[in-house]
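Here is a friendly walk through one protein model, from a pocket to a few residues and a helix. Have the structure open as you read.

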Amino acid sequence: MSLPRCVLLWARLPTGRQVGHLGAICSAFRTHVGAFPGAPVRVPALAASSSASDGSKVPNTSLFVPLTVKPQGPSADGDVGAELTRPLDKNEVKKILDKFYKRKEIQKLGADYGLDARLFHQAFISFRNYILQSHSLDVDIHIILNDICFSAAHVDDLFPFFLRHAKQIFPMLECKDDLRKISDLRIPPNWYPEARAIQRKIIFHSGPTNSGKTYHAIQKYLSAKSGVYCGPLKLLAHEIFEKSNAAGVPCDLVTGEERVTVEPDGKQAAHVACTVEMCSVTTPYEVAVIDEIQMIRDPARGWAWTRALLGLCAEEIHLCGESAAIDLVTELMYTTGEDVEVRRYERLTPISVLDKALESLDNLQPGDCIVCFSKNDIYSVSRQIEIRGLESAVIYGSLPPGTKLAQAKKFNDPNDPCKILVATDAIGMGLNLSIKRIIFYTLLKPTMNEKGEKEIEPITTSQALQIAGRAGRFSSQFKEGEVTTMNREDLSLLKEILSRPVDPIRAAGLHPTAEQIEMFAYHLPDTTLSNLIDIFVDFSQVDGQYFVCNMDDFKFSAELIQHIPLSLRVRYVFCTAPINKKQPFVCSSLLQFARQYSRNEPLTFAWLRRYIKWPLFPPKNIKDLMDLEAVHDVLDLYLWLSYRFMDMFPDASLVRDLQKQLDDIIQNGVHNITKLIKISESRKLLNLENLSAGKQSLLLENKSQARRLRTKGSKTAEPASPNAGKITLASRLVQQGLLTPDMLRQLEKEWLTQRAEPSKERTESGTYSKGSRRKKKEPDSN
């Protein structure tokens with residue numbers, strides 16, 4: 001290439017890049033005359049680390065998902081680098097890159113810039129593919145590679161280009177300091193300037209269940225000029241809403257799915273009852289009540305109690321809950337400069353642990369409540385009670401609030417023949433029940449560990465006290481409460497659990513805000529929301545009194561709708577929508593709602609009716625009942641979204657009326673639940689016999705479990721059943737919640753298909769040409 005052509009190409013480069021390519025002139029000469037005589041081999045001075053040890057924790061780089069950088073295609077201006085120097089030999093370049101990768105100095109320098117061994121390897125693979133697969137490279141890197149081939153440059157000179165590429169595929173390397181500042185969750189009291197501007201009086205009402213602590217707090221709420229009640233459940237918010245209005249104190253209702261204003265002109269009342277997540281931290285009140293304050297430790301929802309405690313603008317804040325939260329609340333209020341007054345209460349009615357287990361359902365009495373920890377046990381116990389000619393009410397978590405209230409009313413009615421209640425731990429709060437005796441069907445409760453694996457562990461002291469405290473309530477017909485177990489092996493363990501002191505609460509939950517996630521996304525624009533959350537949590541810094549809440553449900557929704565084009569703020573709102581991820585129809589509905597929103601197609605009442613296939617009919621079996629519960633959850637999801645996107649979900653009032661009709665249908669099904677169980681058994685839709693056998697095998701382990709608990713009290717994995725040989729594997733997997741009947745059918749189809757394919761292959765291979773010897777057929781290894 002002539003010198004004038006070289007100068008012309010150099011002149012066409014953007015001004016900012018000419019300086020960087022000044023070496024192209026020399027390279028053009030080298031093409032004709034070789035390296036300059038006596039030219040030294042350059043070993044560049046490598047820059048010092050930009051991320052020197054600053055005391056911050058090392059990020060978990062396994063969360064860094066590399067972005068794709070596509071190789072460059074043919075350029076409209078041609079291959080300028082090749083014209084300035086010469087075309088590159090790909091084999092030579094590959095050797096140079098391999099030498100670069102193996103140099104310890106380069107690996108160490110990469111580590112100084114945040115590229116640990118894993119990131120360095122991923123970045124190099126991407127960098128090498130980019131170099132070797134590009135039709136034409138940027139002029140600067142082309143020239144450097146050419147100089148290295150001529151020994152006019154050192155292989156280490158590639159590092160700036162490698163680092164630039166690494167920052168393209170891992171953009172968080174460029175802005176780690178900014179990300180740390182954004183995710184700094186220390187000193188959360190400063191997030192609420194309105195609350196810090198006033199001096200609040202904090203009163204902690206501490207006591208066990210049925211001690212009157214909430215009653216005294218609500219009396220202050222009702223007598224105040226303005227007030228807000230923050231409860232953990234919609235049922236509790238409804239109860240205070242109705243109680244307040246009945247007492248002549250106008251009160252509004254605010255939950256995730258519902259807004260009710262009592263003033264005729266739609267003006268907000270001075271009092272409001274809400275779920276804790278929905279409380280306003282900017283509205284001034286005279287009195288605020290935060291119920292069940294011990295839930296500040298909840299792994300998923302604890303952030304809502306922390307936000308209410310630190311952020312409510314009220315002259316007086318009344319906290320109701322367990323004494324285990326007193327020390328933590330006192331410490332948190334010390335950081336805000338506020339004192340805590342503790343008022344302690346004793347239980348109003350006596351409660352005793354019996355010395356004898358129930359042992360048989362034949363020993364049931366009016367006012368008994370059998371507490372189970374799975375739906376299958378609910379179905380099994382209800383069926384056995386019905387066989388004995390008794391009638392029972394049923395309450396479990398996934399039932400609609402209206403159905404729970406209807407079942408509670410039926411059980412509480414002294415004139416109703418229903419005198420037995422079968423329930424899960426959903427009765428622990430939110431329902432007023434007239435229970436004489438609590439009977440624990442088992443003390444083992446399925447839980448999910450941090451890895452998402454299912455475990456079975458004994459209930460905690462806090463859980464046991466909350467449930468046992470439902471017996472013998474002050475306002476019920478039974479003035480003394482009793483507690484026992486179904487099996488005698490469990491009774492000693494129950495006494496031990498109840499006798500333990502409740503562990504003090506050590507930390508309060510926190511949660512990143514939409515604004516913080518938006519700022520994170522500004523620096524990492526091509527990162528998925530789920531990965532953004534992972535990186536945020538990893539980078540976050542919290543004081544010792546706080547922890548970052550588990551965001552698995554949020555990430556589940558984020559991954560579910562990731563492929564749908566939505567703005568970040570809208571995507572964030574959809575991901576915070578409360579859904580039951582165990583319900584496939586609810587999950588697919590979230591996906592469908594997001595898809596409709598992205599198309600800018602309003603979800604009208606007519607569309608929703610078609611989607612849920614309305615009208616729906618009373619359930620004929622347990623599966624039908626579960627399907628109706630899922631539809632109810634979908635209507636809840638619509639209502640929740642309707643208050644965030646009113647224009648796209650315009651028919652909230654019509655949907656609420658539809659939901660009330662569905663609630664009546666579900667109530668009818670639950671009223672006849674034993675008939676549904678019987679039909680499901682006859683059609684083999686529900687195998688209670690095997691499931692009960694599996695449960696009995698778990699109960700047999702309780703005795704040894706109790707001994708282990710006395711020594712170390714650690715979590716236990718699910719025990720193996722001694723009768724496992726008598727129970728089908730499928731039944732055990734269904735019992736553990738790892739399989740559904742639909743999944744079983746699908747597995748069966750796939751298994752049969754796989755069996756058929758080898759059979760077909762053997763048939764074809766068994767067809768031999770004439771005269772060939774047929775081998776002896778071997779047994780089917782499958």
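The second largest pocket has a lining of 46 residues, and those nearest its centre are T209, N210, S211, K213 and R473. A pocket here is an open set of points on a 1 Å grid over the protein atoms alone, where a 1.4 Å probe fits and protein lies on both sides within 12 Å along at least five of seven lines; lining residues have an atom within 4 Å of a point. This is a predicted model, in which local features need pLDDT of at least 70 and side-chain atom pairs count only at pLDDT 80 or more, while totals for chains, interfaces and linings use all residues. Residues are numbered from 1 along each chain as its sequence is written, and side-chain values use heavy atoms, with hydrogens and water left out.

Helix 12 (213–223) is the biggest contributor to this lining, with five residues. At least two residues each come from helix 12, helix 13 (234–246), strand 9 (351–353) and helix 18 (461–468). Helices (H or I, at least four residues) and strands (E, at least two) are DSSP runs, numbered from the N terminus.

Now to some single residues. Buried means under 20% relative accessible area, exposed over 50%, and partly exposed in between (1.4 Å probe, protein chains only).

| Residue | Relative accessible area | Class |
|---|---|---|
| C175 | 7% | buried |
| C320 | 0% | buried |
| H165 | 3% | buried |
| M626 | 33% | partly exposed |

How many disulfides does a search of the whole structure find? The count is zero, where a disulfide is a pair of cysteine sulfur atoms within 2.5 Å.

H165 sits in helix 9 (residues 159–169). Leaving aside residues up to four places away in sequence, H165 touches V69, A123, S126, F127 and Y130; contact means heavy atoms within 4.5 Å. F124 is 41 residues from H165 along the chain, with 8.9 Å between their C-alpha atoms.

M626 belongs to helix 26 (residues 622–642). With residues up to four places away in sequence not counted, M626 touches K375, Y379 and Q583. S398 lies 228 residues from M626 in sequence, yet their C-alpha atoms are 8.8 Å apart.
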